[in-house]
Amino acid sequence: MNVTLQEATPFDRSVLWRIHDAYFAARGSDAGNLGEVPFYATSSFASATQHARFFTEFVGDRIRQGTIGPDDDLWILEVGSGLGRFAANFYRALLKSCGPLGAELVHRVRWVLSDYSPKSLGEAIATPGLARLVEEDRLVPALYDLRRPDELRTLDGAPFTPPKLTWIVANYVSCVLPLKTVQWRKDAGFFEQWVRVRSEVPDAHPDPAPERVLA
């Protein structure tokens, strides 16, 4: 039996995003570890090294200009941290691949590791490398959903405002946010993507009402 869960609706307002949120809430780090969500291209040591080298040059310029003090903490906010491997690799890249300045800056970096999934965030900071950074007060885990951009919170739900940010990194963001998708055709103009959501359910399903199936 085919049940329509939602009639044609703009993509960014579809119940697909409700399913999407439930998936990450349930899966946590297994979303990446089991190969269901790709992560290596953005979180590998090679990718982190390129970002760390850019960061080192950026901070070096600001130190020479006097806009960053020689002893200032360098706060970085990562949005959509997922497995947390980018942060771990970034610290390692600063120490090993960014010359004397990178090796000096690594001790001044304070990382805000944020994700909207408490399960993902908790599992990320339980890994040995990140757990050590949390213990040393060099990494702060935070819950952050870009759909509510003013609500950066600690794991216990308290509002959190980091000191002045030096840098912001958006990792898993555009691929997991409810975005509008618009296409332009030369002969017909602009079209917005709408979706109709259906699901196959057993004929003997106890309650085939769309909301029950969705739940």
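Helices here are DSSP runs of H or I with at least four residues, strands are runs of E with at least two, and both are numbered from the N terminus. With that settled, hello everyone, and let me walk you through this protein.

What we have is a predicted model, where local features need pLDDT of at least 70, side-chain atom pairs count only at pLDDT 80 or more, and totals for chains, interfaces and linings use all residues. Residues are numbered from 1 along each chain as its sequence is written, and side-chain values use heavy atoms, with hydrogens and water left out.

First, the overall picture. The protein has 9 helices and 8 strands. Its C-alpha atoms fill a box of roughly 65 × 45 × 30 Å along the principal axes. Of the 215 residues, 41% are buried, and buried means under 20% relative accessible area with a 1.4 Å probe and protein chains only, while exposed means over 50% and partly exposed is in between. I'll also talk about contacts, meaning heavy atoms within 4.5 Å. Among contacts between residues at least 6 apart in sequence, 74% join residues at least 24 apart.

Now the sheet. Two strands pair if DSSP finds at least two bridges between them. By that rule there is an open sheet of 4 strands in the order β4-β3-β2-β5, with parallel pairing. Which strands stand at the edges? They are β4 (139-143) and β5 (165-170); each has a single partner strand, so one side of each is left without a neighbour in the sheet. From one strand to the next, the twist averages 20°. Look at β3 and β4 and you'll find 5 bridges joining them in parallel, with V112 opposite V140 in β4.

Helix α5 (residues 85-97) lies across β2 (74-79), β3 and β5, and runs at about 165° to β3. For these angles, axes are lines fitted to C-alpha atoms, for helices over the stretch in contact, and the values run from 0 to 180 degrees between N-to-C directions.

R108 is in the loop between α6 (99-105) and β3 (109-115). Is R108 buried or exposed? It is buried, because its relative accessible area is 6%. Its side chain makes a polar contact with the side chain of E104, at 3.4 Å. A polar contact is a pair of N or O atoms within 3.5 Å; within protein, one must be able to donate a hydrogen and the other to accept it, and residues adjacent in sequence count only if both atoms are side-chain atoms. Leaving out residues up to four places away in sequence, R108 also touches I63, I68, G69, P70, D71, D72, D73 and L74.

For contrast, take E135 in helix α8 (residues 128-135). E135 counts as exposed because its relative accessibility is 72%.

Next, a helix pair. Helix α1 (residues 16-27) packs against helix α7 (residues 118-125) at about 30°, with axes 6 Å apart. That makes α1 roughly parallel to α7, since angles under 35 degrees count as roughly parallel, over 145 as roughly antiparallel, 65 to 115 as roughly perpendicular and the rest as oblique. F24, A25, A26 and R27 of α1 meet K119, S120 and E123 of α7.

Last stop: antiparallel strands β6 (residues 182-185) and β7 (residues 189-192) are joined by 4 bridges. The hairpin between them runs through 3 residues, and W184 has F190 in β7 as its bridge partner.
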